[in-house]
Amino acid sequence: MISTRTPLRVTLGGGGTDLESYYRHGGGFIFAMALDKYIHITAHRPAFERRVLIHGPHPEAADRSLDIQHELVREALLRHGLHDRVELASIADIAGGTGLGSSSCFLVGFLHALHALKGERPTPAQLAEEACTLEIDVLNKGIGKQDQYMAAFGGLTTLDIAPDGKVTVGKVELDPEVEAAFVRHTHIYYTGLRRDAAVILEDQHKAMLGADEQDEARRKTQENLGFIKDLGYRIRDAWKAGDLEGWGEMLHEHWTHKKKLSSKISWPHIDAIYDEARSAYGVTGGKVIGAGGGGFLMLFTPGDGEALEAFMVRNNMPRLHYGVDHGGTRVLEAVG
């Protein structure tokens, strides 16, 4: 039996530039943080049960892996030549559809478990690329590469994505007190809204695939993503320099430009909460985490944040207390 633990993630800068429709024109850049909130996978091969059994939010049972409806599980099993006699269970610290990269996190953790069942020790880069291949190439999902890489590597991590899709991974190492200060002042609140990231990313993807180089939608999307990419470098530099106030201001810049990518990225209710938090509770910047549309709202406040937290609770948005995961996906247990 194999148990894996794989971290969810928060994008800090460069979000959206990891889609092929953008990075193939000049490369992408992501700066992200892995959270100490995880998807836990347990997998084993029963002695006599010949079927494929899935326990979790969407339980299934089938005589062979080809008949499994859970597409990530099905394609992972087929890739590893496991056609039956597999049982797996998954537990998530935070539900999917909330902007933290849960689908890719699940897949990386499951692939890690399958490799471990076979006695293999893949590198984080191998796991990330294997997950990208299944999600993007096999299943044709209109998503980028950051979720798979962040799940595999963890930490405060940069991803430089070349036009050919090659990813170069970098680490941002902070003094523990500086890291703690960023975490303490960068609040994360649950909005209660859930959505499919692929639906929101589709607007950006369609705009970038415009056949005419002069297409207005394509030009505006490319311009906004170019700004977000450059801002991503500035955000990374602010974190490395311990510039908390600069981070808060750039977070607001990021959100302002990100909302231009799709009408689905924000909701009027979230915008109203954000505006009041900025005007009355000392927030200097914020954004919806992930592709947008719901999930979690990240807010930076230079103060102690008690009044802000009380305001958010009154609006039915509880705070998520978190830390940084520095280990990425890992095997916790291997028995038998």
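Start by selecting the cysteines: the structure holds 0 disulfides, a disulfide being a pair of cysteine sulfur atoms within 2.5 Å. Keep in mind that this is a predicted model, where local features need pLDDT of at least 70 and side-chain atom pairs count only at pLDDT 80 or more, while totals for chains, interfaces and linings use all residues. Residues are numbered from 1 along each chain as its sequence is written, and side-chain values use heavy atoms, with hydrogens and water left out.

(Buried is under 20% relative accessible area, exposed over 50%, partly exposed in between, using a 1.4 Å probe and protein chains only.)

Next, select α3 (102–117) and α4 (124–138). Helices here are DSSP runs of H or I with at least four residues, strands are runs of E with at least two, and both are numbered from the N terminus. The two helices α3 and α4 pack at about 120 degrees with axes 9 Å apart; axes are lines fitted to C-alpha atoms, for helices over the stretch in contact, and angles run from 0 to 180 degrees between N-to-C directions. Show the side chains of Leu107, Leu111 and His115, among others, on α3, and of Leu127, Ala131 and Leu134, among others, on α4: they are part of the contact, meaning heavy atoms within 4.5 Å.

Now move to α2 (71–79), whose buried residues are Leu72, Val73, Arg74, Glu75, Ala76 and Leu77. Their cover includes β3 (52–55), β5 (86–92), α3 and α4. Just past the end of α2, click Gly81: its phi is positive, about 70 degrees.

Last stop, the sheet. Color β9, β10, β8 and β11 in that order and you have an open, antiparallel sheet of 4 strands. Strands count as paired if DSSP finds at least two bridges between them. At the edges sit β9 (285–288) and β11 (319–320), each pairing on one side only. Zoom in on β8 (186–190), which pairs with β11 in the antiparallel sense over 2 bridges; there, Tyr189 stands opposite Arg319 of β11.
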